[in-house]
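Here are my notes on this one, as numbered points. Have the model open beside you while you read.

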Amino acid sequence: MQSFFQSLFGKKAPKQLRILPQDVTIDLTPGQTLLEAALANGIAYPHDCTVGTCASCKTRLKQGRVREATPFGYTLSKAELDAGYILACQAVPRDELTVIEIDPLLAELPPVEQFAARIVATEQLTHDILKVTVQADRPVHYVAGQYANLRVPGAARYRSYSFANAPQRKGRSTLDFYIRKVPGGEFTEALFRGELDDEPMEMEAPHGTFHLHGGDAPMMCIAGGSGLAPLVSILEHARANRIKRDCTLLFGARTQGDLYQLEVISNIAANWQGEFRFIPVLSHEPECSSWAGARGLVTEHIPAGFCEGAEGYLCGPPPMIDAAIARLAEHAIPLERVFYDKFTDGRNP
Ligand code: FES
(Lines give C-alpha, C1' and ligand atoms only; values in the text may rest on other atoms or scores of the structure.)
Protein backbone atom coordinates (compact mmCIF):
# COMPACT_ATOMS: atom_id res chain seq x y z
CA MET A 1 0.00 0.00 0.00
CA GLN A 2 2.82 2.37 0.97
CA SER A 3 4.58 1.84 -2.37
CA PHE A 4 1.24 2.47 -4.20
CA PHE A 5 0.87 5.89 -2.53
CA GLN A 6 4.54 6.61 -3.02
CA SER A 7 4.15 5.91 -6.76
CA LEU A 8 1.16 8.29 -6.75
CA PHE A 9 2.72 11.11 -4.80
CA GLY A 10 6.38 10.64 -5.58
CA LYS A 11 9.31 9.34 -3.57
CA LYS A 12 9.10 9.59 0.21
CA ALA A 13 11.45 12.19 1.67
CA PRO A 14 14.38 10.64 3.55
CA LYS A 15 14.56 10.86 7.32
CA GLN A 16 16.81 13.63 8.55
CA LEU A 17 19.36 14.09 11.29
CA ARG A 18 20.17 17.49 12.75
CA ILE A 19 23.35 17.86 14.80
CA LEU A 20 23.65 20.67 17.36
CA PRO A 21 25.29 23.02 18.15
CA GLN A 22 26.86 22.94 14.67
CA ASP A 23 23.32 22.98 13.25
CA VAL A 24 24.13 20.60 10.41
CA THR A 25 21.24 18.66 8.84
CA ILE A 26 21.86 15.49 6.81
CA ASP A 27 19.70 12.90 5.08
CA LEU A 28 19.64 9.34 6.39
CA THR A 29 19.46 6.13 4.40
CA PRO A 30 17.14 3.41 5.74
CA GLY A 31 18.58 1.41 8.65
CA GLN A 32 21.58 3.71 9.10
CA THR A 33 22.73 4.47 12.63
CA LEU A 34 23.30 8.08 13.64
CA LEU A 35 27.05 7.49 13.72
CA GLU A 36 27.09 5.87 10.26
CA ALA A 37 25.11 8.78 8.84
CA ALA A 38 27.41 11.38 10.41
CA LEU A 39 30.60 9.66 9.23
CA ALA A 40 29.19 9.07 5.73
CA ASN A 41 28.64 12.83 5.51
CA GLY A 42 32.18 13.67 6.52
CA ILE A 43 31.31 14.82 10.04
CA ALA A 44 34.10 14.17 12.54
CA TYR A 45 31.92 12.39 15.07
CA PRO A 46 33.61 10.92 18.17
CA HIS A 47 33.63 7.10 18.16
CA ASP A 48 35.84 4.09 18.68
CA CYS A 49 34.38 0.58 19.10
CA THR A 50 31.20 1.09 16.97
CA VAL A 51 29.57 -1.83 18.83
CA GLY A 52 28.14 -0.03 21.84
CA THR A 53 30.76 -0.75 24.50
CA CYS A 54 33.17 2.22 24.73
CA ALA A 55 30.68 5.11 25.12
CA SER A 56 32.84 7.40 22.95
CA CYS A 57 29.77 8.21 20.83
CA LYS A 58 27.55 9.12 23.83
CA THR A 59 25.15 11.81 22.64
CA ARG A 60 22.16 13.69 23.99
CA LEU A 61 18.93 13.05 22.08
CA LYS A 62 16.98 16.31 21.84
CA GLN A 63 14.15 15.29 19.51
CA GLY A 64 12.80 12.12 17.92
CA ARG A 65 12.79 8.47 18.89
CA VAL A 66 15.45 5.90 18.09
CA ARG A 67 15.60 2.10 17.94
CA GLU A 68 18.45 0.54 19.95
CA ALA A 69 20.43 -1.88 17.76
CA THR A 70 21.88 -3.15 21.07
CA PRO A 71 20.56 -1.85 24.41
CA PHE A 72 22.21 1.40 25.50
CA GLY A 73 21.83 0.19 29.09
CA TYR A 74 24.80 -2.19 28.69
CA THR A 75 27.08 0.84 28.68
CA LEU A 76 25.12 3.86 29.91
CA SER A 77 23.91 4.24 33.49
CA LYS A 78 20.26 4.71 34.43
CA ALA A 79 21.00 8.36 35.26
CA GLU A 80 22.38 8.90 31.75
CA LEU A 81 19.45 7.14 30.10
CA ASP A 82 17.02 9.20 32.19
CA ALA A 83 18.86 12.37 31.10
CA GLY A 84 18.30 11.47 27.42
CA TYR A 85 21.73 10.14 26.48
CA ILE A 86 22.03 7.55 23.72
CA LEU A 87 24.83 5.77 21.86
CA ALA A 88 25.02 7.14 18.32
CA CYS A 89 26.60 3.93 17.00
CA GLN A 90 23.60 1.88 18.17
CA ALA A 91 20.78 4.34 17.47
CA VAL A 92 18.61 3.99 14.36
CA PRO A 93 16.13 6.88 13.95
CA ARG A 94 12.43 6.09 13.92
CA ASP A 95 11.01 9.56 13.24
CA GLU A 96 11.22 11.89 10.27
CA LEU A 97 13.53 14.26 12.15
CA THR A 98 16.06 13.37 14.83
CA VAL A 99 17.92 16.12 16.66
CA ILE A 100 21.04 15.37 18.69
CA GLU A 101 23.54 17.51 20.55
CA ILE A 102 27.26 16.95 20.96
CA ASP A 103 29.93 18.83 22.87
CA PRO A 104 31.32 21.35 20.30
CA LEU A 105 34.88 20.63 21.43
CA LEU A 106 34.45 17.01 20.32
CA ALA A 107 34.26 18.04 16.67
CA GLU A 108 37.67 19.67 17.08
CA LEU A 109 39.48 16.69 18.61
CA PRO A 110 42.63 15.63 16.73
CA PRO A 111 41.93 13.02 14.04
CA VAL A 112 42.64 9.36 14.76
CA GLU A 113 45.90 8.16 13.12
CA GLN A 114 47.91 4.95 12.95
CA PHE A 115 51.42 4.92 14.45
CA ALA A 116 54.28 2.47 14.56
CA ALA A 117 55.52 2.32 18.15
CA ARG A 118 57.85 0.42 20.48
CA ILE A 119 57.86 -0.25 24.21
CA VAL A 120 61.05 1.42 25.44
CA ALA A 121 60.68 1.13 29.24
CA THR A 122 58.54 -0.44 31.92
CA GLU A 123 58.34 0.23 35.65
CA GLN A 124 56.40 -1.81 38.18
CA LEU A 125 54.18 0.65 40.08
CA THR A 126 52.25 -1.89 42.17
CA HIS A 127 51.92 -5.69 42.13
CA ASP A 128 49.47 -5.41 39.23
CA ILE A 129 50.05 -2.01 37.59
CA LEU A 130 52.94 -1.34 35.22
CA LYS A 131 54.02 2.02 33.86
CA VAL A 132 54.72 1.35 30.20
CA THR A 133 56.61 3.91 28.12
CA VAL A 134 56.02 3.75 24.38
CA GLN A 135 57.99 5.55 21.68
CA ALA A 136 55.89 6.46 18.64
CA ASP A 137 57.35 6.93 15.16
CA ARG A 138 56.17 10.57 15.15
CA PRO A 139 54.48 13.00 17.54
CA VAL A 140 50.98 12.06 18.67
CA HIS A 141 48.46 14.89 19.03
CA TYR A 142 45.82 14.33 21.68
CA VAL A 143 43.81 16.13 24.33
CA ALA A 144 44.52 15.43 28.02
CA GLY A 145 42.16 12.64 29.13
CA GLN A 146 42.09 10.75 25.80
CA TYR A 147 43.39 7.22 25.19
CA ALA A 148 45.24 5.11 22.62
CA ASN A 149 44.58 1.64 21.25
CA LEU A 150 47.63 -0.62 21.29
CA ARG A 151 48.32 -4.06 19.88
CA VAL A 152 51.16 -6.36 18.96
CA PRO A 153 51.38 -6.38 15.12
CA GLY A 154 49.07 -9.01 13.73
CA ALA A 155 47.07 -9.43 16.97
CA ALA A 156 43.32 -9.67 16.46
CA ARG A 157 42.32 -6.85 18.76
CA TYR A 158 43.49 -3.61 20.26
CA ARG A 159 43.66 -2.83 23.98
CA SER A 160 42.77 0.68 25.10
CA TYR A 161 44.94 2.65 27.55
CA SER A 162 44.76 6.29 28.63
CA PHE A 163 47.69 8.63 28.11
CA ALA A 164 49.28 9.42 31.48
CA ASN A 165 51.20 12.52 30.31
CA ALA A 166 50.07 16.02 29.55
CA PRO A 167 49.97 16.56 25.79
CA GLN A 168 52.49 18.87 24.14
CA ARG A 169 51.66 21.58 21.62
CA LYS A 170 53.76 20.00 18.86
CA GLY A 171 52.61 16.47 19.78
CA ARG A 172 54.32 13.95 22.05
CA SER A 173 56.33 10.95 20.85
CA THR A 174 57.24 9.38 24.23
CA LEU A 175 54.06 8.30 25.97
CA ASP A 176 53.38 6.72 29.36
CA PHE A 177 50.49 4.39 30.15
CA TYR A 178 49.51 2.77 33.47
CA ILE A 179 48.52 -0.76 32.56
CA ARG A 180 46.78 -3.11 34.96
CA LYS A 181 47.48 -6.82 34.74
CA VAL A 182 44.39 -8.77 33.70
CA PRO A 183 44.66 -12.33 35.05
CA GLY A 184 44.68 -14.66 32.05
CA GLY A 185 44.89 -11.68 29.66
CA GLU A 186 47.30 -12.63 26.88
CA PHE A 187 48.58 -9.09 26.27
CA THR A 188 49.10 -7.96 29.86
CA GLU A 189 50.53 -11.31 31.01
CA ALA A 190 53.18 -11.06 28.25
CA LEU A 191 53.80 -7.42 29.19
CA PHE A 192 54.37 -8.25 32.86
CA ARG A 193 56.71 -11.13 31.94
CA GLY A 194 58.81 -8.59 29.99
CA GLU A 195 58.25 -10.42 26.70
CA LEU A 196 57.12 -7.25 24.93
CA ASP A 197 60.06 -5.07 26.00
CA ASP A 198 61.53 -3.32 22.96
CA GLU A 199 58.96 -5.06 20.76
CA PRO A 200 57.16 -3.20 17.96
CA MET A 201 53.56 -2.20 18.57
CA GLU A 202 50.76 -0.77 16.48
CA MET A 203 49.06 2.27 17.95
CA GLU A 204 45.82 3.94 16.92
CA ALA A 205 45.24 7.31 18.57
CA PRO A 206 43.76 9.46 19.91
CA HIS A 207 40.40 8.10 21.05
CA GLY A 208 37.89 9.10 23.68
CA THR A 209 36.00 12.20 24.67
CA PHE A 210 37.12 12.64 28.29
CA HIS A 211 38.74 16.07 28.67
CA LEU A 212 39.00 19.13 30.87
CA HIS A 213 36.13 21.55 30.30
CA GLY A 214 36.73 25.28 30.34
CA GLY A 215 35.87 27.66 33.16
CA ASP A 216 37.02 28.01 36.73
CA ALA A 217 34.63 25.63 38.51
CA PRO A 218 36.19 23.62 41.34
CA MET A 219 37.18 20.12 40.21
CA MET A 220 36.20 16.96 42.05
CA CYS A 221 38.42 14.23 40.56
CA ILE A 222 37.86 10.60 41.52
CA ALA A 223 40.17 7.81 40.32
CA GLY A 224 40.07 4.08 40.90
CA GLY A 225 43.01 1.73 40.16
CA SER A 226 44.64 2.38 36.80
CA GLY A 227 42.02 5.12 36.27
CA LEU A 228 44.59 7.53 37.68
CA ALA A 229 46.26 7.85 34.25
CA PRO A 230 43.86 10.23 32.43
CA LEU A 231 43.44 12.33 35.57
CA VAL A 232 47.22 12.70 35.88
CA SER A 233 47.23 13.78 32.22
CA ILE A 234 44.47 16.35 32.84
CA LEU A 235 46.00 17.65 36.08
CA GLU A 236 49.51 17.87 34.57
CA HIS A 237 48.03 19.75 31.63
CA ALA A 238 46.16 22.15 33.94
CA ARG A 239 49.26 22.68 36.06
CA ALA A 240 51.51 23.28 33.04
CA ASN A 241 49.03 25.83 31.68
CA ARG A 242 48.68 27.50 35.09
CA ILE A 243 44.93 26.97 35.10
CA LYS A 244 43.61 28.30 38.39
CA ARG A 245 40.91 26.09 39.90
CA ASP A 246 40.40 24.45 43.27
CA CYS A 247 40.79 20.71 43.01
CA THR A 248 40.17 17.67 45.17
CA LEU A 249 41.63 14.36 43.99
CA LEU A 250 40.19 11.22 45.57
CA PHE A 251 42.19 8.09 44.77
CA GLY A 252 40.67 4.72 45.61
CA ALA A 253 42.91 1.67 46.04
CA ARG A 254 42.73 -1.60 47.96
CA THR A 255 45.77 -1.28 50.24
CA GLN A 256 48.76 1.02 50.82
CA GLY A 257 50.73 -1.17 48.41
CA ASP A 258 48.21 -0.34 45.68
CA LEU A 259 48.78 3.41 45.87
CA TYR A 260 51.18 4.65 43.19
CA GLN A 261 52.59 7.79 41.54
CA LEU A 262 52.30 9.63 44.86
CA GLU A 263 55.36 11.68 43.98
CA VAL A 264 53.75 12.77 40.70
CA ILE A 265 50.61 13.80 42.58
CA SER A 266 52.68 15.61 45.18
CA ASN A 267 54.48 17.57 42.41
CA ILE A 268 51.16 18.55 40.85
CA ALA A 269 49.87 19.66 44.27
CA ALA A 270 53.02 21.70 45.00
CA ASN A 271 52.70 23.68 41.76
CA TRP A 272 48.91 23.92 41.55
CA GLN A 273 47.28 27.34 41.04
CA GLY A 274 44.55 27.25 43.69
CA GLU A 275 43.74 24.87 46.51
CA PHE A 276 44.66 21.23 45.91
CA ARG A 277 43.51 18.47 48.21
CA PHE A 278 44.56 14.82 47.82
CA ILE A 279 42.58 12.12 49.61
CA PRO A 280 43.72 8.51 49.16
CA VAL A 281 41.08 5.99 50.27
CA LEU A 282 41.82 2.33 50.98
CA SER A 283 39.11 -0.32 50.79
CA HIS A 284 41.00 -3.44 51.94
CA GLU A 285 43.78 -2.15 54.20
CA PRO A 286 44.19 -4.44 57.26
CA GLU A 287 42.62 -2.91 60.36
CA CYS A 288 45.81 -3.35 62.35
CA SER A 289 48.06 -1.51 59.84
CA SER A 290 49.71 1.88 60.33
CA TRP A 291 47.31 3.56 57.85
CA ALA A 292 45.71 6.61 59.42
CA GLY A 293 43.97 7.88 56.28
CA ALA A 294 40.51 7.30 54.85
CA ARG A 295 39.10 3.79 54.57
CA GLY A 296 36.18 2.27 52.69
CA LEU A 297 34.77 3.12 49.29
CA VAL A 298 36.33 6.13 47.58
CA THR A 299 32.88 7.42 46.66
CA GLU A 300 31.96 7.69 50.35
CA HIS A 301 34.64 10.32 50.97
CA ILE A 302 33.49 13.23 48.81
CA PRO A 303 34.03 16.15 51.17
CA ALA A 304 30.83 17.91 52.19
CA GLY A 305 30.59 21.58 51.31
CA PHE A 306 33.12 21.39 48.47
CA CYS A 307 30.69 20.92 45.68
CA GLU A 308 29.03 24.30 45.12
CA GLY A 309 29.20 24.75 41.33
CA ALA A 310 31.87 22.06 41.00
CA GLU A 311 32.51 19.68 38.09
CA GLY A 312 33.17 15.97 38.51
CA TYR A 313 36.01 14.21 36.64
CA LEU A 314 35.89 10.46 37.15
CA CYS A 315 37.90 7.53 35.85
CA GLY A 316 37.74 3.89 36.85
CA PRO A 317 35.61 0.75 36.66
CA PRO A 318 31.85 1.04 35.93
CA PRO A 319 30.59 0.36 39.51
CA MET A 320 32.82 3.13 40.87
CA ILE A 321 31.70 5.58 38.17
CA ASP A 322 28.01 4.80 38.67
CA ALA A 323 28.33 5.16 42.46
CA ALA A 324 30.26 8.42 42.08
CA ILE A 325 27.65 9.89 39.71
CA ALA A 326 24.93 9.08 42.26
CA ARG A 327 26.95 10.53 45.16
CA LEU A 328 27.82 13.70 43.23
CA ALA A 329 24.12 14.18 42.42
CA GLU A 330 23.44 14.07 46.19
CA HIS A 331 26.10 16.78 46.54
CA ALA A 332 24.25 18.92 43.97
CA ILE A 333 26.62 18.17 41.06
CA PRO A 334 24.21 17.18 38.26
CA LEU A 335 25.07 14.75 35.47
CA GLU A 336 25.62 17.64 33.03
CA ARG A 337 28.65 18.67 35.09
CA VAL A 338 30.09 15.19 35.55
CA PHE A 339 32.63 13.96 32.97
CA TYR A 340 34.11 10.51 33.06
CA ASP A 341 35.98 7.70 31.42
CA LYS A 342 34.44 4.38 32.28
CA PHE A 343 36.70 1.34 31.88
CA THR A 344 34.09 -0.91 30.30
CA ASP A 345 34.90 -4.33 28.81
CA GLY A 346 35.18 -2.61 25.45
CA ARG A 347 37.84 -0.29 26.81
CA ASN A 348 40.20 -2.46 28.84
CA PRO A 349 39.64 -6.13 27.99
S1 FES B 1 31.55 4.01 19.33
FE2 FES B 1 29.57 3.90 20.18
S3 FES B 1 29.88 2.90 22.07
FE4 FES B 1 31.83 2.82 21.12
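**Notes on the model**

1. Starting with a local detail: Asp-82 and Lys-78 sit four residues apart in helix 3 (residues 78–82), so about one helical turn separates them. Helices here are DSSP runs of H or I with at least four residues, strands are E runs of at least two, and both are numbered from the N terminus. The two side chains form a salt bridge, with the closest N and O atoms 2.7 Å apart; the term means a side-chain nitrogen of Lys or Arg within 4 Å of a carboxyl oxygen of Asp or Glu. Asp-82 counts as exposed at 55% relative accessibility, and Lys-78 does too at 60%. For the cut-offs, buried is under 20% relative accessible area, exposed is over 50% and partly exposed is in between (1.4 Å probe, protein chains only).

2. A word on provenance: this is a predicted model, where local features need pLDDT of at least 70 and side-chain atom pairs count only at pLDDT 80 or more, while totals for chains, interfaces and linings use all residues. Residues are numbered from 1 along each chain as its sequence is written, and side-chain values use heavy atoms, with hydrogens and water left out.

3. The structure holds 15 salt bridges. One of them joins Glu-202 and Arg-151 at 2.7 Å, N to O. Glu-202 belongs to strand 13 (residues 200–207) and Arg-151 to strand 10 (residues 147–151), so the pair ties together parts 51 residues apart in sequence. Glu-202 is partly exposed at 26%, as is Arg-151 at 21%.

4. Compare Arg-245 and Glu-311, whose salt bridge has its closest N and O atoms 2.7 Å apart. Arg-245 is in the loop between helix 5 (228–240) and strand 15, and Glu-311 is in strand 18, so this pair links parts 66 residues apart in sequence. Both Arg-245 and Glu-311 are buried.

5. Now look at Glu-285, in the loop between strand 16 and strand 17. Glu-285 is buried yet has no salt bridge; Arg-295, the nearest side chain of opposite charge, is 5.4 Å away. (On charge, Lys and Arg count as positive and Asp and Glu as negative, with His and the chain ends not counted.) Beyond four places in sequence, the contacts of Glu-285 are Arg-254, Thr-255, Gln-256, Trp-291 and Arg-295, contact being heavy atoms within 4.5 Å.

6. What order do the six strands of the open sheet follow? They run 17-16-15-14-18-19, with parallel pairing. Strand 17 (294–295) and strand 19 (338–342) are the edges, each pairing on one side only; pairing requires at least two DSSP bridges between two strands. Strand 14 (residues 219–224) and strand 18 (residues 311–316) are joined by five bridges, with Ile-222 partnering Leu-314 in strand 18.

7. Over at strand 1 (residues 16–20), the partners are strand 7 (residues 97–101), parallel over five bridges, and strand 2 (residues 24–27), antiparallel over four bridges. Strands 1 and 2 form a hairpin with three residues between them, and Asp-23 in the turn has a positive phi of about 60 degrees.

8. Last, Gln-90 is in the loop between strand 5 (85–87) and strand 6 (91–93). Gln-90 is buried, with a relative accessible area of 5%. Residues it touches beyond four places in sequence include Thr-50, Arg-67 and Phe-72.
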